[in-house]
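Open the model in a viewer and keep the selection tool at hand. The stops below go from one selection to the next.

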Amino acid sequence: MLKLDIGRIKRERIIIISGRRAVEISLLSIATSFVLFSLVLMYEGADPLVAYQNMFSFAFDPKLGLSLTIHRSVLILFTTLAFIIPLRAGLWNVGMEGQFYLGTIGAFFMAYTFASLPSEILIPLILLGAAAAGSLYGAIAGTLRGKFNVNEVVVTLMMNNIAFWLIYLLVVGGPWAGIAESSSRPLPKSAHAPYIFNTPFTSFLAIALAVVLFVFLTKTTTGFKIRVLGHSINTAKYVGIDEFKMSVLVMSLGGAIAGLAGYHMWAGDPAFLMIPRPEAYKAVGDLTYWGIILGLVTLLNPVPAIPASFFMGSIIVGATVLVRRLRLPFGFDFLFLGMISITFAAFQFFYNYRLKVMKK
Amino acid sequence: MFTRPDSESILEIRGLVKRFPNGVTALDHVDLVMKRGEIHAILGENGAGKTTLMNILFGILQPDEGEIYLNGEKVVFRSPLDAINKGIGMVHQHRRLIAAHTVLENIILGHPNTGKFIDKKKSRKEVEELCRRFGFKIDLDARVWQLSAGEKQLVEIVRALYRGAKILILDEPTSVLTPPEIDAFLDSIKAVSKEKVTLVPFVTHKLPEVFSISHRVTILRRGKVVKSLSIAEASIPKLAEYMVGRELSFELERVPTEPGAEILRVEKLSALNDKGLVAFKDVDFVLRQGEIFGVAGVTGNGQQELAETIMGLRKPVGGKIYFDGKDITKTSVLDRLKMGLAYIPPERIGVAAVGDLSLVDNVLLMYYFEKEMSRGGMINYKLAKQYTEKVISEFNVVAPGPTTKAAHLSGGNLQKLILGRVLLKTPKIIIANLPTQGLDIAAENYVRRKLLECKQKGISVVLISENLDEILQLSDRVAPIFEGRFVDILENINLRKEAIGAMIAGGFAERGVNRA
């Protein structure tokens, strides 16, 4: 009997994924999203190659987009790190947005309160304020989780809204309101962040922080405890690791890092706060959510998070030319960003499974 | 006696090869013939390729080379569904049942006749008919969580038979059963084989059971078929030799020791289990230096909770624990570890070790809190690596190197690592809970010898086991436990296995409450 039997594809589970495979998958997923978006561009009658060339030449042009690219990339790097640390202990911090706003509040509070101090003292104080405020905000979720086993995703997500309206109240018609609509009073000259090689010093701070966190996770005793807890709560209990202490620690650490993102975003560079109208506020807060995607893509490793953040930053900035310069329909830049994040998410499949073509 | 199996073969495997991406050849040209209605045991140590073979037969994995013939026809199983449709059933070691559903619901779940709408009446009739035919007694309306391990296994068997299985693969069928359940299980297996269903139990140890039921035994070693012989030609020492590849000395000598000073005292200790019910109540005992104190009992009688409570992993509801004269009832786990208490839990991956972490990190789990291991908060990984290499070499752990992930170790090697990392620092007390469960003969023997050696070093051991041979072989004193109470504490002199067996089955306990 003649039977046509076409080989089928079957998935096999991967128990431990290698770093090399993770890099390959990320590159493959980026390539896929570019190919898919090319189809959309062609449908609109645009030449994909021209579009991509325009995007990157804008994003990396020192006269045009480069400073914005760096600025956004650093923001994303901070939030990626803020997501990575808690998840290494098994806690999902999706409250980077709230901690980021709280960090902003902390920074501006310090800057306004101690405006008369010289830069050398004031700027560290501002940084400290940002980190402390974000850290306390994160610690709430960590405490609830460690003490009462309250789900940290729900807590952090809901606290994001509270944080936004808190900052909104302060800036729009509140005590910090400036002359321009929904902007704060500018910070005093002494609070202006220093530049190194014409880039905000926070860029170097973020990169250094990524390296320090890598060492912290892989070489220190506390980092070891965090990793064990993240792998297995039962093992952690078995070897006497205090789950409560660790939960509070990682969430405050994550919160502190997200707080620094708040410092970087406003206090660091423009030196004043600008809150868009509430219906549009998502534009800034949403950027913090790239931390989740990049954190997962980099397998929670702070070092690859550096290039990943800069890549995403360049696309976020570069994609704006699609609408402005190439006159593509409104929202095309966001469409591209959405496609990238969906492809990243879809390719997570290959972190867990390997496809195998079956012989007949 | 058994029914004689038909001479016609139902399943034939030719030249099966399976290589894994990490370079391991799990199966190396395996040939097998199974006959209709035959009970054909597959025997092998951990890592012999049993699991791989099983997964290929059930369509979970695909072979790289080789063919499978079913009733003379070549078949390819791409998924378990293919295998099920061709009449192959599997009874997993870890039951795959929905605990909140009834037995009947679990049995008809996924059956093609069930379709979109469930005709429970019709299915019930069919299942009842099937049970009658095989002589199974089973309450179809009970919820699965109410069942014992043996009953759950029966549900899995019935489910496979209801789906029309002609070949039943059984993964370590007796490993989680209590002795009376094993007898019942062996009876049901015989009943199934009488109905011309082929049974293929995969077994690591427990050779006597294999003997009492099988028609044929095939022994796997390192991915190859060493021998396939009918049970009439086999003997236990011969099978063990085929499995391990060399003559084994089963004899371990227990040197009687003078009872040393008291090291641990447990007074009127009680604790609850995870469901909030009493796990054990008013347990009293004294552990002396350099002795092995055997707690014999069927799993689930409070042993695990007792071990966890002594270790500080579970809060007692009453009673006191004294270590070296000091009250440690409220001391943290970390402090107890530092004092020299060590616990070897039955769950090797997930509690004792983390599969995703390297062997160095896994050894570090027992050392990270030591002063010498951290300098200014930084881990001394050089020292940790040294310790790991020492554990690997001193305790014969077969592993590519210290950076290997624990998940890649076989059960026996992992247990050697877990035991080794504790023994390397010479603790005062080791609480070993089912330390040889699921290990092959060589590893089992090794672990037992190491526990005996503890005595010479003055280490006291609390050995929790349901294997009475093991208990009698190793312990200086034996405490049979039943329903959370020590039935007695006996010196291990001329103790009879049957007597202990009766005690752990509740024969000597007062029967105050009526058990369901």
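Start where chain B meets chain A: across this interface the rule finds 1 salt bridge. The model is a predicted one, and every stop on the tour should be read with that in mind. Select B:D361 and A:R227 to display the bridge; the closest N and O atoms of the pair are 3.2 Å apart. For this bridge, the cut-off between a side-chain nitrogen and a carboxyl oxygen is 4 Å.

Between chain B and chain A, 9 residue pairs are in polar contact, with both residues at pLDDT 80 or more. Next, colour the chain B side by secondary structure. Elements giving two or more residues to the side that touches chain A are α10 (333-339), β16 (341-344), α11 (359-364) and β18 (378-379) of chain B. Which of the elements gives the largest share of that side? It is α10(B), with 3 residues.

Now select the whole contact. It takes 39 residues from chain B and 30 residues from chain A. The size of an interface is often given as the accessible area lost when the parts come together. Here chain B and chain A bury about 2900 Å² between them, and 59% of that lies on carbon and sulfur atoms. To see where the chain B side loses the most area to chain A, pick B:R78, B:V351 and B:Y368, which together make up 24% of what that side buries.

**Two domains in chain B**

Domain 1 covers 9-244 and domain 2 covers 262-504. The centres of domain 1 and domain 2 of chain B, taken over C-alpha atoms, are separated by 33 Å. Select the residues where the domains meet: 10 residues of domain 1 of chain B are in contact with 10 residues of domain 2 of chain B. Between them the two domains of chain B bury about 850 Å², with 58% of it on carbon and sulfur atoms.

How many salt bridges are counted between domain 1 and domain 2 of chain B? The count is 0, and the rule also finds 0 residue pairs in polar contact across this interface, both at pLDDT 80 or more. Then highlight helix α8 (residues 236-244) of chain B, which gives the most to the side of domain 1 that touches domain 2, with 3 residues. By class, that side of domain 1 of chain B has 4 nonpolar, 5 polar and 1 charged residues.

**A sheet of four strands**

Move to the open sheet of 4 strands in chain B, ordered β12-β11-β14-β15 with antiparallel pairing. β12 and β15 (326-327) of chain B stand at the edges with a single partner strand each, so one side of each has no neighbour in the sheet. Strands of a sheet pair through backbone hydrogen bonds, either parallel or antiparallel.

Go through the pairs in turn:

- Strand β11 (residues 262-272) and strand β12 (residues 278-288) of chain B run antiparallel and are joined by 7 bridges. Select B:E262 to find its bridge partner B:R288 in β12(B).
- In the hairpin of β11(B) and β12(B), with 5 residues between the strands, select B:G276, which takes a positive phi near 85°.
- β11(B) also pairs with strand β14 (residues 318-323) of chain B, in the antiparallel sense over 5 bridges. The bridge partner of B:V266 in β14(B) is B:I321.
- β14(B) and β15(B) run antiparallel and are joined by 2 bridges. Here B:F323 stands opposite B:K326 in β15(B).

**A salt bridge within a helix**

Over all chains, the structure holds 26 salt bridges. For one of chain B's, select B:R124 and B:E128, whose side chains meet at 3.8 Å, N to O. These residues are 4 apart in helix α4 (residues 120-134) of chain B, and therefore B:R124 and B:E128 are separated by about one helical turn.

**A loop residue**

End at B:A399, in the loop between α12 (381-394) and α13 (411-423) of chain B. Which residues is B:A399 in contact with, leaving aside its neighbours within four places in sequence? They are B:L359 and B:L409. B:A399 and B:L359 lie 40 residues apart along the chain, with 9.1 Å between their C-alpha atoms.

Technical notes: Residues numbered from 1 in each chain as written. Chains lettered and ligands numbered in written order. Predicted model: local features only at pLDDT ≥ 70, side-chain atom pairs only at ≥ 80, totals over all residues. Heavy atoms only, no water. Contact = heavy atoms within 4.5 Å. Buried area = accessible area lost by both parts, 1.4 Å probe. Polar contact = N/O pair within 3.5 Å; in protein donor to acceptor, adjacent residues only side chain to side chain. Domains from an automatic or database assignment. Nonpolar A, V, L, I, M, F, W, Y, C, P; charged D, E, K, R; others polar. Pairing = 2+ DSSP bridges.
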